[in-house]
Amino acid sequence: MGLFNYTPAENLNGQPKVNRSGKRFGNGYFKVLSVISFLLGWQLLVSFRLLELPSPLETAQVFVNLVVEGDPLYNKTLLEIVWSSLRIVVEACLISIVIAVPLGILMGAVEWFRHYVDAMLEMLRPIPPLAWIPLAYVIFANASRPTEYVQIFVVFVGAFFPILLDTIHGISMVNRIHIEAAQTMGASRRQILTQIMLPASLPSIFNGIRVGFGVGWMCIVAAEFVGGKLGIGYYIWSSYSVGGRVAEIISGVAAIGLVGTVMNKFILFLEKRLVPWR
Amino acid sequence: MALILRDVTHQFGEVKILENLDLQVEDGCLCCVVGPSGCGKSTLLRIIAGLYQPAGGEVLLDDAPPSLEKGEIGFVFQEDALFPWYTVEQNIKFGLKARNVDKNLWDEIIEYNLRKVGLAEYRRYYPKQLSGGMKQRVAIARVLAYNPKLLLMDEPFASLDSINRNMLQADLIDLWSREKKTVVFVTHNIDEAVFLAERIVIMNSKPGRIKRIVDIDLPRPRNRTDANFCRIRRSILEIIESPDSQRTGPNENISNEEVKSI
């Protein structure tokens, strides 16, 4: 035993390592253990009165109640509240995809166009999406539903840059050999763009879309803090303003986390279906 | 005369890659280009294909400069150049579509060409499901499908193991003797060149020039362990390793008689 007691290299692949680093339990075991430790830690903090929070069990009861019965103060279930936020994120992100992907492909493929647009985008990119909120309210002041337009706009800005940058990155990483192969077969520029460069950069584009939805989901919560009478951000902020509704706040926060995770998994699933060659 | 290179010169910036290349390849000739790495063999193929414009000189394919749009060229790359997002069948379709081949014929052409390379059952496979040798077979089927005038092969078997490589070489000879396509095959493997070629173009590097052109008239099928085969291998190797004093000028290709004497 000691420093020199290492596994010979040829045993590393092929030979199953039994009873080493707890492998016999599988990785699922650690995932369950992680959740249990988190809940246990929370319970301990509450039991020893280190934090003035409801216990995990109390919170879970409120959460289930909010999902099934709804919140009497708002006359809505948690699902309805989450859905009104999610709807805006989906709409805004779809607009982002429709604009950012073609723009990114064009920027990746046409050099002068990239330089032309780059200067503009480099000015806009460092601005946090939330900084646009006041200006957006001014711009959409005369729209039929200004709050909704502002929220869509803010989420759109948040999702736009990850999608655009990953699209450009995907196009720039297209294997030269594939383009040369297509050229020697006599393919037109349009064929190379749509049948070589676009599919080749799809994995990268999907990555951008995934990140974009994540950022968009953060933006909607913050945008709902500032204005409007709908959505999960509004719900947790107004629950705080009412006071004494900590379990409701935690339930709302948990719902935000859950929806974010499901969204991420769903896009990964879509990618697997639409990019079967990877 | 199928392919003619006249005084082809090329450079990247200040660095001369190719200098005063003259070469003629007749219809149906299988011509191998050998030389040390970095002698501009791949660049030469890309110039012939029309992917690069030469800095000087001209390339003529049947009396006209080669054009990418006409799809006269079938290029087989060293790297895996199959499109991973397409199945085997779709990869071949891409070429047929680019060449505007009648859609009604696609199915038949794909079947016929995959059978030629022995992969008819793999139509619906993705490239990632194929081995290296199978991928190169598909790459060959993909270019044969649109029936190019000239086949350019850039070390297509270099990344394969030697058993697979020998098999593909034999199959290539088989294909070539049936179809009599003009082939320019770049390799740094002398064994491969002697096995395949009717004519070997030996290049030297920095800048790339043609050192010697040697006709190989060994009967086929060729046997790698045959005494004549080994003798020719040795003399090719000697030419490659000999100092540059033997370098021929642009217009003094060695006559056939002289070449045959080695």
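Two residues are taken to be in contact if their C-beta atoms, placed from the backbone, lie within 7 Å. The model is predicted, so local features need pLDDT of at least 70 and side-chain atom pairs count only at pLDDT 80 or more, while totals for chains, interfaces and linings use all residues. Residues are numbered from 1 along each chain as its sequence is written, and chains are lettered from A in the order in which they are written.

**View 1. The contact between chain A and chain B.** Chain A contributes 15 residues and chain B 21 residues. On the side of chain A that touches chain B, α8 (176–184) and α9 (189–226) each supply at least two residues; helices are DSSP runs of H or I with at least four residues, numbered from the N terminus. The most comes from α8(A), with 6 residues.

**View 2. The two domains of chain B.** Domain 1 spans 1–72 + 150–158 + 181–262 and domain 2 spans 79–148, with bounds from an automatic or database domain assignment. Their centres, taken over C-alpha atoms, are separated by 28 Å. Each domain gives 6 residues to the contact.

**View 3. The packing of α4(A) and α11(A).** Helix α4 (residues 78–109) and helix α11 (residues 246–274) of chain A pack at an angle of about 50°, with axes 11 Å apart; axes are lines fitted to C-alpha atoms over the stretch in contact, and angles run from 0 to 180 degrees between N-to-C directions. The helices α4(A) and α11(A) are therefore oblique to each other (under 35 degrees is roughly parallel, over 145 roughly antiparallel, 65 to 115 roughly perpendicular and the rest oblique). Leu78(A), Val82(A) and Leu86(A) of α4(A) meet Ser251(A), Ala255(A) and Val259(A) of α11(A).
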